[in-house]
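Subject: Structure for your files

Dear colleague,

Here is the structure you are taking over. My notes on it follow directly below.

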Amino acid sequence: MKKWVVVFSVWIILSGFEPSFMEEWDYSCESGTSGEVFTTEDNHIVVCGTYGVPEEVVALTKKGEVEWTHDVKGVVQPVFEEEAERLWMVSEAREDGFDYILDVGTGERSAPLTFDFPDDIAISERTFMKAANGHLHVFGGAEWHAVEQNGEKAFTFTGNDQLIPELSWNDGSYFVADDVSFSDDPYVYKVDENGEPIWRKSAALEELPLFSEDFVWFTEPYKGIFHALKQENGRTVSEQEGDFYHRLLMTDPLLMEEYLFSKSNLYQLSSRGDVEWKTELEPYRLEEYITENEMTGDQWLLQGRNASSSDSYRLFSQNVYFFNEQNKEIASLTKLYEDGSFAWSNRELPTIHHTAIVEGSIIAAGEGYVAVLNQGGKITDRYEVDEEVTQLVEEDDGVLTVTSEGVARLTIPENGAAKIDDFLPTSATQEKESASVTGSKVWHVEFNTEISEDGASKNIAVVNESGAVVEVYKKLSEDGEKIRIDPPAGGYEEGVYAITVHDRISSPYGKLLKEETYQKFKVR
C-alpha cells in the first residue's frame, strides 16, 4: 500500500546533546533489604528490614554517608510525618508501652508510649495509617482516629459505613471521604483540626479529591461527573457531565484522564472544570500492532498510567498488558505540548512505573532500569538495576532510585542540561536546511490525502526554541489536503521555530503518516 506523506520540507536537528547519568553514590542495607525511603531537607531516611518487618532505620546525608542508625524496637510499622520530620513507630502487638516516636533529625527516640486507638485495626496494613499536623491518623471501617504525640486520642470522626483510608490536609483542615464500594450514602468531608465537620458534599468516590487554595475537585467514576467546589464552604462552582470513568491526575495544571479497558483520553481543565483541550492517548501506533497481530479488544488492557508536567509540556505514560502473548507488556511515553498537541511518543521502554523531569531531561523507571531521554524523545542513557524501581525521588540535579537491593543517587551532569536545539522529535530524516523568513510569514502544509480538522489541530504545532508551543491560527482547506498556518498576533519574534507534524495524524481510512516531520525556520 502506498505510504502518504507531507510535502513540505522535512528536517532533523543533529545535536550533540546526550543527557546521561553519573552514579554519585549508592547504599545497601546491612540488615535485610531496603524498603521505604523518606526524604527530609538534610537526609534520606532508609528503612531496612526482612519480609516487610523493619529492623533498622538509617539516616544518609545528601552525599550518601551514614549519619546515624537506629535499631528498631519490637515489631513496628513506621509512619512518616513529613512536615515535622518524625517517624511514628506503631507496634503491631498493641500492648501498652510498645509505641514510640523517632526524631529523624537526630535518631533519638521518645519514651515508650501507647497510641490510643482500637486494637482491632490491622496495623500490619500501613495504608490505614497517615501522619500529619502533629497527629497520627488511623482508619478503621467508618472511623478515623487522630492521636496526639503523647499517645492520647485527639478525636474520632465517624463517616458512613467505611471511609477511604486516606486523608489530605491544608492549613489545619482535612479532607476525607466515604468509600463508594462500601457506603450506600457516601460523602466527601472537610473537617477542622479538632475533628469537627466544616462541610460535607454527597459524592460517590473511590479516591480523595484534589484541592488548591480556592477549589476542591473530584470526579464520580460511576456517574462520569466532574465537580468543582469552593474550598471554603463546599459550594458547587461547576458540574461537568462526561463519559463513564474519569480520574484526576494532578492539580497544576489540572489534568483528568478518561479510561475504560482499552480507551484513554487526557483532558486539561480550567479551575472551574471547563475543558481546555482533550487528546486521545492510545499508545503510539498501538492500532497497527493490534491489527498486525489480529487481536480483539478483550485481549489487551491499558494500565499503569501516570502523568508529569513542566511549564511548556506534559508527559503521560501508560502500559499495555496483552493476555494472549505470554502476558507480554509494552509501554508508551508521550510528550504533549501545553495546548495538548503531540510532540512525540516513545515505545522503546519496558513497563514504566515512574517518570520525572530533571535539568530539562526526562527520566523514566520501571522493572530493572532507569532511563534518561532528551527533549526529542531519544533514550540517551540507561542505568541498569537488579530489581524493580519502587521509588523515584526527584531532586535538583538528579534522582534518587530505590529498589529492594539498595538506594542510588544518579546525577545528570551540568553539561547534560537541555539545549535549545533538542526540543524536537528525533525520529525523522533531514531533507532541507532551515528557512529564513519574516515575522509575518504564512505557512502552507500540503498532504497527498485528506486529513480531519481535529487531527490537524491536535497533531500540527508551531514551537519555539525552548519547546513551548506558539499560539497560531490553523485553517484546513475545503478538500482537507492543505493547512494554512497564520503567524501569531503581532507576528513571530526573532528566533528559531519549527512546524511539527506528528505521525499520529491519519487519513480518513485510518492510515497513519509514515514518520514525524518538521520544518525549521528562523525569523530575522
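Apart from neighbours within four places in sequence, Asn306 is in contact with Leu315, Phe316, Ser317, Ile352, His353, His354 and Thr355. Please keep in mind that the model is a predicted one. Asn306 belongs to strand β25, which covers residues 300–309. Its relative accessible area is 17%, and because buried means under 20%, Asn306 counts as buried. With one of the residues listed, Thr355, there is also a polar contact: the side chains of Asn306 and Thr355 are joined at 3.1 Å.

Between the C-alpha atoms of Glu24 and Thr411 the distance is 6.3 Å, although 387 residues separate the two in sequence. Thr411 is also among the contacts of Glu24, together with Lys62 and Arg409, when neighbours within four places in sequence are left aside. Glu24 has a relative accessible area of 40%, so this residue is classed as partly exposed.

Next, the disulfide. How many disulfides does a search of the whole structure find? The search returns one. Cys29 and Cys48 form this disulfide, with 2.0 Å from S to S. The pair links distant parts of the chain, 19 residues apart: Cys29 sits in the loop between β1 (22–27) and β2 (33–39), while Cys48 is in strand β3, residues 43–50. The angle about the S-S bond is -70°, and the link of Cys29 and Cys48 is left-handed. Are the two cysteines buried or exposed? Cys29 and Cys48 are both buried. For the notebook, a disulfide is a covalent bond between the sulfur atoms of two cysteines.

On the sheets, I looked at one in particular. It is an open sheet of four strands in the order β13-β14-β15-β16, and the pairing is antiparallel. At its edges are β13 (168–170) and β16 (197–202), each of which pairs on one side only. From one strand to the next, the twist averages 15°. Strand β15, residues 187–191, pairs with β16 in the antiparallel sense over five bridges. Within this region, Tyr187 stands opposite Ser202 of β16.

- The peptide bond that runs from Asp252 to Pro253 is cis, with omega near 0°. Pro253 is located in the loop between β21 (246–251) and β22 (254–260).
- Glu85 has a positive phi, near 50°, and is a residue other than glycine. The loop between β6 (76–81) and β7 (86–91) holds Glu85. With a relative accessible area of 24%, Glu85 is partly exposed.
- Asn133 has a positive phi as well, near 55°, and is likewise a residue other than glycine. Asn133 is found in the loop between β9 (129–132) and β10 (135–140). Its relative accessibility is 30%, so Asn133 counts as partly exposed.

That is the end of my notes.

Regards

Methods
Residues are numbered from 1 along each chain as its sequence is written. This is a predicted model: local features need pLDDT of at least 70, side-chain atom pairs count only at pLDDT 80 or more; totals for chains, interfaces and linings use all residues. Side-chain values use heavy atoms; hydrogens and water are left out. A disulfide is a pair of cysteine sulfur atoms within 2.5 Å. Helices (H or I, at least four residues) and strands (E, at least two) are DSSP runs, numbered from the N terminus. Buried means under 20% relative accessible area, exposed over 50%, partly exposed in between (1.4 Å probe, protein chains only). A polar contact is a pair of N or O atoms within 3.5 Å; within protein, one must be able to donate a hydrogen and the other to accept it, and residues adjacent in sequence count only if both atoms are side-chain atoms. Contact means heavy atoms within 4.5 Å. Two strands pair if DSSP finds at least two bridges between them. Axes are lines fitted to C-alpha atoms, for helices over the stretch in contact, and angles run from 0 to 180 degrees between N-to-C directions.
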